[in-house]
Amino acid sequence: ATPTALMVGTGRSAKMGILIKNGEVLEAVNDVTTVVFDKTGTITMGKPEVTDIVGDQSQILPLAASLEANSEHPLAAAVLAKAKGEGITVAPAADFQAIEGKGVAATVNGQTAFIGNDKLLADHNMIDDLKQTAIKLQTAAKTVVYVGLDHQVIGLIAIQDAPKATSKEAIAALKQRGLKTVMLTGDNERVAKAIADQVGIDSVIADVLPADKADHVKMLQQTGKVAFVGDGINDAPALTVADVGIAMGSGTDIAIESGGIVLVKNDLRDVDRALAMSRKTFNRIK
Ligand code: ADP
Ligand code: MG
């Protein structure tokens, strides 16, 4: 009877757009105490837009566009869309270098240039005013990337990625079930907290390098079973390590392969629906 009940359960879920890869996953879902979320593309829409450019406008956006032209990061797409909208011709960059979880460096017009977060700034000069402006923008849930030329920060770009319309409701349903909710992100802590507040997530682990996401999941597993919900290349190790890996259907192939559950409709409320389904299925088996 057990395998039949499982098949019926997973069949029903599949019709709802919740793909459960096997019975073990279904069983683990039942014991989850903490649900960990990636931010970009999972909690948020993953469609970042440039909202503010601080500094010499004629210099910052063209330089940023040259740097981001070879990057696959969602933030790069936002910068390039803005530059295109302004009719900027993108000058080619040489020696392109993607620095994981930090940004991009390259040579533009013979000068060393970079775009990225504060982790890139260790050996760069920063204007105090700019730092204060950055803090204000970050507190307003905007991701700040600094633009630098020859070891001097010359300005910043603020980028906003709004939460999905259903994120808040999805989190509320999980909390209603008594589950702990956590956001795990490579973005800045102020930005992460602002977004977490908007959607009602309990706690935030921010400034996490891509390679460290899985370790944070392992730490959270010390207090109970953990589900991890994500969509990116960066999220694949965390999806694998988690007791239940839940991938967004819109995610990268590697994320989808790493997840035990795939949310085809990209609706975060399906995390709670998956929990409800597995409970029903197991009650039927008992
Ligand atoms: P997430 O957890 O949101 O997917 P990532 O680990 O991919 O974040 O990136 C973390 C941070 O690194 C970004 O918020 C940004 O500050 C910086 N960063 C990474 N790639 C780029 C890039 N191409 N351009 C600008 N900033 C970048
Ligand atoms: Mg993501």
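Entry 1: I began with the outward side of helix α6, where the face turned away from the buried side carries the exposed residues Asp 128, Asp 129, Gln 132 and Thr 139. For burial I counted other C-beta atoms within 10 Å of a residue's own, with C-beta atoms placed from the backbone: 20 or more is buried, 12 or fewer is exposed, and in between is partly exposed. Helices (H or I, at least four residues) and strands (E, at least two) are DSSP runs, numbered from the N terminus.

Before going on, I noted that this is a predicted model, in which local features need pLDDT of at least 70, side-chain atom pairs count only at pLDDT 80 or more, and totals for chains, interfaces and linings use all residues. Residues are numbered from 1 along each chain as its sequence is written, while chains are lettered from A and ligands numbered from 1 in the order in which they are written.

Back to α6: the buried residues there are Ala 134, Leu 137 and Gln 138. Seen down the axis, the buried residues of α6 fall within an arc of 95°, so they line one face of the helix; the arc is that of the directions from the helix axis to the C-beta atoms. Their cover includes β3, β7, β8 and α8 (189–199). Contact here means C-beta atoms, placed from the backbone, within 7 Å.

I also checked the length of α6 (residues 128–139): its 12 residues should span 16 Å at 1.5 Å a residue, and the end C-alpha atoms are 17 Å apart, which agrees. The expected span is 1.5 Å times one less than the number of residues. Just after α6, I found Ala 141 with a positive phi of about 70°.

**Entry 2: the sheet.** In what order do the six strands of the open sheet run? I read β3-β8-β7-β6-β5-β4, with antiparallel pairing. Two strands pair if DSSP finds at least two bridges between them. At the edges stand β3 (49–55) and β4 (93–99), each with a single partner strand, so one side of each is left without a neighbour in the sheet.

Strand β3 is joined to β8 (residues 152–160) by six bridges, and Glu 49 has Gln 160 as its bridge partner. Helix α5 (residues 74–85) lies across β3, β7 (142–149) and β8, at about 75° to β3. Axes are lines fitted to C-alpha atoms, for helices over the stretch in contact, and angles run from 0 to 180 degrees between N-to-C directions.

**Entry 3: strand β7.** Seven of the eight residues of β7 are buried, so the strand is largely enclosed by the rest of the structure. Four bridges join β7 to β6, with Ala 113 partnered by Leu 149. Eight bridges join β7 to β8, and Gly 148 stands opposite Val 153.

Entry 4: His 151, in the loop between β7 and β8, has a positive phi of about 65° although it is not a glycine. Is His 151 buried or exposed? I found it exposed, with 11 other C-beta atoms within 10 Å.

Conventions:
Two residues are in contact if their C-beta atoms, placed from the backbone, lie within 7 Å.
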